[in-house]
Amino acid sequence: MTDTRSVPRARSGTASADTAGWRKRIALSLAVLGVVYGDIGTSMLYSLRACFEGANPVPVNPVDVLGVLSLIFWTLILVISLKYMTFVLRADNRGEGGIFALIGLLRPWRGLERRGRRWLLIMSGLFGAALLYGGIMITPAISILSAVEGLEVAAPALASYVIPLTIIILLLLFVFQRHGTARVGAVFGPVMAVWFVTIAALGLNAILREPTVLVAVNPWYAIRFFRHAGWAAFLVLYAVFLVTTGGEALYADMGHFGRGPIRRAWFGFVLPAVLLNYFGQGALLLTDPGITQPFYHLVPQWGLYPLVVLTTAATVIASQATISGSFSLTRQAIQLGQMPRFRVVQTSPETRGQIYVPAVNWVLMIAAIGLVIAFQSSANLAAAYGIAVNGTMVVTTILAYNVARERGGWSQAAALAFLVGFLAIDLTFFGSNLTKLADGGWFPVAIGIVFFTLMSTWRRGGAMLQSQAGKNAEKLETFLGELAQSKLQRVPGTAVFLTGRLTETPPALRHHIERNRALHDQVILLTVLTADEPRVPADERIEVKFYPQGFYRVILHYGYMQGPNIPSELAACRARGIDIDLDEITYYIGRQSPLVGRKKGGMPTWRDHLFAFMVRNSMKATAYYQIPADQTVEMGLQVRI
């Protein structure tokens, strides 16, 4: 009797566990849809249309329509499904993806002073990251504008309201950022699930009316298109490439969800839905070549307004994910020493990735609204969009090749096959995108150059500043020897000196003694280091070294996706043998100001002035490291670079 009763209980428990597991997988899949696939899942609003209505349109005839569809199909298969899903997602830095993860895997800042192949490789990576900002600025503008343009189909009389309404939506989107996205994020997944089901159904309905469009899966139709259209086929590749926008984003979001859920959502849901919609639009063009908005004409007249509302919601979600990604990208750049310190606001106490960077938010808002006003239509913006994403993809291919060789254990032959095969595809698209420089492609390139100049100047200037300031620095052992022989008065309390030097005496410490002729009983020399990995576990973060005369050296190790909190870490030092009262600490920060003037060597004068400007306007260390301002003493030091 006992054994008989135990069986149903075991089955019930197993069923309950299976149900919980399924619920968890469904919730995770919905989150993936809401965060990862917003961009690539809304690109059909403008990409196919740009092929036939853009800067270099091809005629709407069966040869060209089937040829373009074949190119779209094989682009999604080769670039997204094969390159990213199969290969690039393998290159993770402790679970994190994205271009900074690839840079980190190459151990970039070790021996970087040797300006050889390694230096050029890392600089290329930084330029790829800089180009991302150009694409990020365009994404909200082109996505939301393409959605609101549906009003022109639903009610042509409302065409004059498209630009003002787009600007209003953009304003609300960016103003909302300071409140965080945790609550709204809960509905992102279900809305995007409805979106993908809708676009799949609309596409399937059109395909059933014109099933011959499915022959475009045969690559022969792409080849025939090139033979038929010639140079025009090459020129239109810039529009075909737009179907991949979001490829870099899904790689960067790997750290949030893992490669498994991202792959399952793509192959099981997103890719079929996207392909059905593209082929549905193509089927519509085959039956009615005069259509100018093939996406919106997939729906009956009565469904236009609901579709515009759903499309707007989907593009807002896509834009939201992109904006949040820009905040994460900025924090990574700050942590890696590539940008000045900006104010970073944690908007969710539970989720560390929910952050808000005000300076970046307002720059993106101004740029997005300015782009809408300047370009006036999504078709015009399409010409400017691809080159930024394409340039980053080229860099990703090169970095992934080097990671495969150095960290992945790939053979030279296998790695070269990956490099040559995918670089050929990337560069073909890049060549087509370059022809759009005069049509707006200059904008993301210019933004990329600006951000690259800022990042490289900040890092180079910071290295020079530290080098010049450390020329007269003395070893800590020498200082402690002198201190033991002196009769310096020691006063109660703890002094914490922030320093970037691991073996030398902070200039601020020497300056403090010379001015005050006294020193606290307990002195902590604190250094914050950023690792080449995304996160450092809490039990590996703190390193403590003990010295005589009440001196300690504390080294805090953070990943490039983590924000520092010095008081919190100092509190944890109590368990490591340092008796600390946080209320009795005085923090000493040496603020180094560059002196720009006549010199030999170093950076050009204009870059010196740029670096000095960034230093003056960077966020104060007290706010960045979350140090209480009323317990901080800041000492200025001017250094000629």
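Visitor: How many aromatic pairs are there in this model?
Guide: The count comes to 23 aromatic pairs. Rings of Phe, Tyr and Trp (its six-membered ring) pair if their centres lie within 6.5 Å; planes under 30 degrees apart count as stacked, over 60 as edge-to-face and the rest as tilted. This is a predicted model, where local features need pLDDT of at least 70, side-chain atom pairs count only at pLDDT 80 or more, and totals for chains, interfaces and linings use all residues. Residues are numbered from 1 along each chain as its sequence is written, and side-chain values use heavy atoms, with hydrogens and water left out.

Visitor: How do Phe497 and Tyr588 pair up?
Guide: Phe497 and Tyr588 are stacked, at 4.7 Å centre to centre with 15° between the planes. Phe497 sits in strand β3 (residues 489-498) and Tyr588 in strand β7 (residues 585-595), so the pair links distant parts of the chain, 91 residues apart. Helices (H or I, at least four residues) and strands (E, at least two) are DSSP runs, numbered from the N terminus.

Visitor: Is Phe497 buried or exposed?
Guide: Phe497 is buried, with a relative accessible area of 0%. Tyr588 counts as buried too, at 6% relative accessibility. Buried means under 20% relative accessible area, exposed over 50%, partly exposed in between (1.4 Å probe, protein chains only).

Visitor: Which residues form an aromatic cluster?
Guide: Phe87, Trp410, Phe418 and Phe422 form one.

Visitor: Okay, new topic. What does the overall picture look like?
Guide: The protein has 24 helices and 8 strands. Of its 641 residues, 53% count as buried. Among contacts with a separation of 6 or more, 82% are between residues 24 or more positions apart. Contact means heavy atoms within 4.5 Å.

Visitor: At what angle do α5 and α16 cross?
Guide: The axes of helix α5 (residues 117-148) and helix α16 (residues 358-375) cross at roughly 55° and come within 8 Å. Axes are lines fitted to C-alpha atoms, for helices over the stretch in contact, and angles run from 0 to 180 degrees between N-to-C directions. That makes α5 oblique to α16. For the cut-offs, angles under 35 degrees count as roughly parallel, over 145 as roughly antiparallel, 65 to 115 as roughly perpendicular and the rest as oblique.

Visitor: Which residues meet there?
Guide: From α5 there are Ile136, Met137, Ile138, Pro140 and Ala141, and they meet Val363, Leu364, Ala367, Ala368, Leu371 and Val372 in α16. The residues of this contact divide into 11 nonpolar, no polar and no charged. Ala, Val, Leu, Ile, Met, Phe, Trp, Tyr, Cys and Pro count as nonpolar, Asp, Glu, Lys and Arg as charged, and the others, Gly among them, as polar.

Visitor: And how does α5 pack with α15?
Guide: α5 and helix α15 (residues 304-335) pack at an angle of about 165°, with their axes 8 Å apart. The two helices are therefore roughly antiparallel to each other. By class, the contact of α5 with α15 has 11 nonpolar, 9 polar and no charged residues.

Visitor: Let's pick out a single residue. Where is Ser70?
Guide: Ser70 is in helix α3 (residues 62-87), and it is buried, with a relative accessible area of 0%. The C-alpha atoms of Ser70 and Trp220 are separated by 8.2 Å, although the two are 150 residues apart along the chain.

Visitor: What does Ser70 touch?
Guide: Not counting residues up to four places away in sequence, Ser70 touches Ala216, Asn218, Pro219, Tyr221 and Ala222.

Visitor: How about Glu53, where is that found?
Guide: Glu53 is found in helix α2 (residues 47-53) and counts as partly exposed at 37% relative accessibility. Glu53 and Ala379 are 326 residues apart in sequence and 7.0 Å apart in space, C-alpha to C-alpha. Leaving out residues up to four places away in sequence, Glu53 touches Ile291, Thr292 and Ala379.

Visitor: Last one: what is the phi of Arg517?
Guide: Arg517 has a positive phi of about 50° although it is not a glycine. Most residues other than glycine have a negative phi. Arg517 is found in the loop between α21 (507-516) and β4 (518-530), and counts as exposed at 63% relative accessibility.
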